[in-house]
Structures are given as structure tokens and as C-alpha cells.
Amino acid sequence: MDFRQLRTFSCVAELGSLSKASDTLRVAQPALSRQIKLLEHELRTELFTRNGRGMVLTEAGRLLLARTSGIVRQIDQIRDDIQSAKGPPSGQVVLGLVPTVSCVLSARFARRCVEKFPGISLRIVESYSGHLVEWLHRGEMDLAILYGRSADLHLNVESLGRDNIVAVGPRDCGLARRKSVEIGWLLRQRLVLPSHSHGLRALIEHAAAQRKIKLNVQLEADSFRVLTSLVEEGLGFALLPPSSVHGEVADGRLETTAVSKPMTRELIFASPIDRPVSTASLAVTALLREEVAACRKEGVWDIKLS
């Protein structure tokens with residue numbers, strides 16, 4: 001296996017198409033196809049299933065991608081770091097954000113990054129904490145802001161503070177007229193929650209178990225935008241950080257109020273522990289810290305210092 005073959009394989013696997021990979025790598029499709037076939041011949045197995053919709057990884061292909069994607073990114077970063085030594089930071093940085101942070105931070109941070117570091121290609125990935133941690137461990141992501149107990153993650157971590165959780169309901173539900181609601185009352189209402197694989201659901205399930213309350217969950221949504229839309233339609237209450245629904249509350253589409261017994265989650269900045277940090281990642285990290293501080297100072301992100 002040589003690097004060119006692995007880079008081609010990684011790009012085709014990510015995009016699911018030879019034609020898209022050809023445009024990205026600026027290499028003719030026949031040349032890319034030949035590299036894939038040589039790699040399959042060397043490994044004595046098919047890496048893709050070809051169909052009318054594109055290229056789909058086989059089980060062997062998924063294994064190869066899991067083992068090599070981080071290696072390919074590290075080699076690309078070495079090239080970028082050498083070029084950055086002669087001038088401004090350059091190269092790709094993959095930043096992961098949990099949805100409730102992304103809706104506050106992603107657009108304004110992307111604008112600042114483009115303005116300050118035009119040579120950096122920033123890729124923002126929005127997902128829940130469990131997925132982000134996995135991608136950090138596999139070397140497919142450079143840094144992330146996520147929720148979790150920092151001691152359990154086996155990553156380089158820095159605590160950013162704690163996010164309060166508030167009750168969220170539709171317009172005219174009455175929450176806005178209340179100073180707070182009892183957590184027991186809230187947990188007995190019809191709820192719209194993420195599925196069991198996500199940290200927020202575990203936090204809520206734990207609070208319910210402590211009070212021996214059986215949750216009434218008729219709808220689940222692993223998309224943050226879908227979840228808030230379901231609440232807006234009056235299909236149930238949710239528990240979310242207030243900053244994540246600031247716009248909807250300002251527009252009168254949602255209402256929030258505090259929970260009598262505060263529920264909080266630790267918000268952390270995380271990066272891989274077992275590989276060098278690229279020059280571009282260091283630049284993005286410093287800028288990200290500035291932006292988090294600015295959001296807190298401006299009051300658009302109600303995050304409490306630990």
C-alpha cells in the first residue's frame with residue numbers, strides 16, 4: 001500500500017463517488033479507479049460495492065478506513081505544517097460541535113476563521129458527544145467542543161464551564177410566566193427527547209430514576225432542529241440549554257423557564273491525546289477560545305465557569 005492509494009481510497013470512501021473524488025483530488029477518474037483496483041488486488045479483497053448510486057464500502061473497506069483515515073490526515077498535516085513554517089497557517093482543520101453549541105457558535109466562528117486565516121480550510125461537523133469522541137480517537141477530527149465527564153474520555157481536555165438545562169415549551173404554554181418549574185412536575189409531562197444513546201437523555205433518565213418517575217416519551221429526535229420543531233408544534237416539552245433556543249424564544253416561537261433543582265452538564269474542549277497538533281489546529285484552537293470568551297461576555301452563551 002502506498003500513500004497515494006490510501007488517500008484515493010479515503011476520499012472515495014468519504015464522498016461515495018469516483019466522480020466527486022476526481023473533482024476533489026483533481027485526478028482523472030480512470031486513474032483513481034486503477035489505484036483502487038491495485039489496492040484491492042494487493043489486499044486480495046473488494047473494498048467497495050459498485051452500484052448505480054456510487055461506491056459503498058464493504059466490511060473490509062470499513063475496516064481499512066477505520067485503520068487508515070487518521071494516518072492519511074496526519075501525513076497531509078505534515079505537508080501543511082512544513083508549508084505553514086514559511087508563512088501563515090494553512091491546511092484543513094476538522095472541528096466537531098455538539099448541536100446545542102453549534103447553533104450558537106458555528107456561523108460566527110466560521111466567519112472569524114475565514115477572515116483571520118484564509119489559508120485554513122475549516123470543516124465543521126455537528127454531532128452528539130459520543131460520535132465526536134469516537135472520531136477524535138480515530139484521528140478523523142482535530143478538536144471538538146462536547147459534553148461529558150472529562151476524566152472518562154482519554155483525550156486532551158479543558159473544561160469550559162457548565163451549561164444549565166432549562167424547560168422548553170411551545171408558545172403560550174405558560175412557562176414564560178413562571179419563575180421556575182419543579183423538576184418532578186416537568187418529568188411527568190409529555191417529553192420530546194433525544195434517543196438513549198445521547199448524554200442529555202442519560203441525564204434526564206437519571207433524574208427520573210432518582211424520583212421513581214416513568215418518563216412519558218412519545219417522540220424522540222436525534223436531530224436538534226427536529227427536536228425543537230416538535231416542541232414548537234406543541235408535541236411535548238424538552239430540556240435544553242437556554243442559549244440553544246435563544247433565537248426561537250426571542251421570536252416568540254418557544255418559551256423557557258428555569259428548573260427548580262438545577263441540572264447542568266460539563267462542557268469541554270477536547271483533542272486527541274496521541275498525535276501531534278498541526279499548526280493550523282493550534283491557530284484554530286486559540287481563535288476558538290477567544291470566540292467562546294466573547295460569546296460568554298456578550299451574553300449570547302449562558303455558560304457558567306466551573
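This is a predicted model: local features need pLDDT of at least 70, side-chain atom pairs count only at pLDDT 80 or more; totals for chains, interfaces and linings use all residues.
Glu 220 counts as partly exposed, at 43% relative accessibility, where partly exposed lies between buried, under 20% relative accessible area, and exposed, over 50%, with a 1.4 Å probe and protein chains only. Residues are numbered from 1 along each chain as its sequence is written, and side-chain values use heavy atoms, with hydrogens and water left out.

The partner of Glu 220 is Arg 201, and their side chains meet in a salt bridge of 2.9 Å, N to O, a term that here asks for a side-chain nitrogen of Lys or Arg within 4 Å of a carboxyl oxygen of Asp or Glu. This pair links distant parts of the chain, since Arg 201 sits in helix 8 (residues 199-210) and Glu 220 in strand 9 (residues 216-220), 19 residues apart; helices (H or I, at least four residues) and strands (E, at least two) are DSSP runs, numbered from the N terminus. Arg 201, at 4% relative accessibility, counts as buried.

Arg 62 is partly exposed, with a relative accessible area of 43%, whereas Glu 59 counts as exposed at 56%.

For the chain as a whole, there are 11 helices and 13 strands, and 49% of the 306 residues count as buried.
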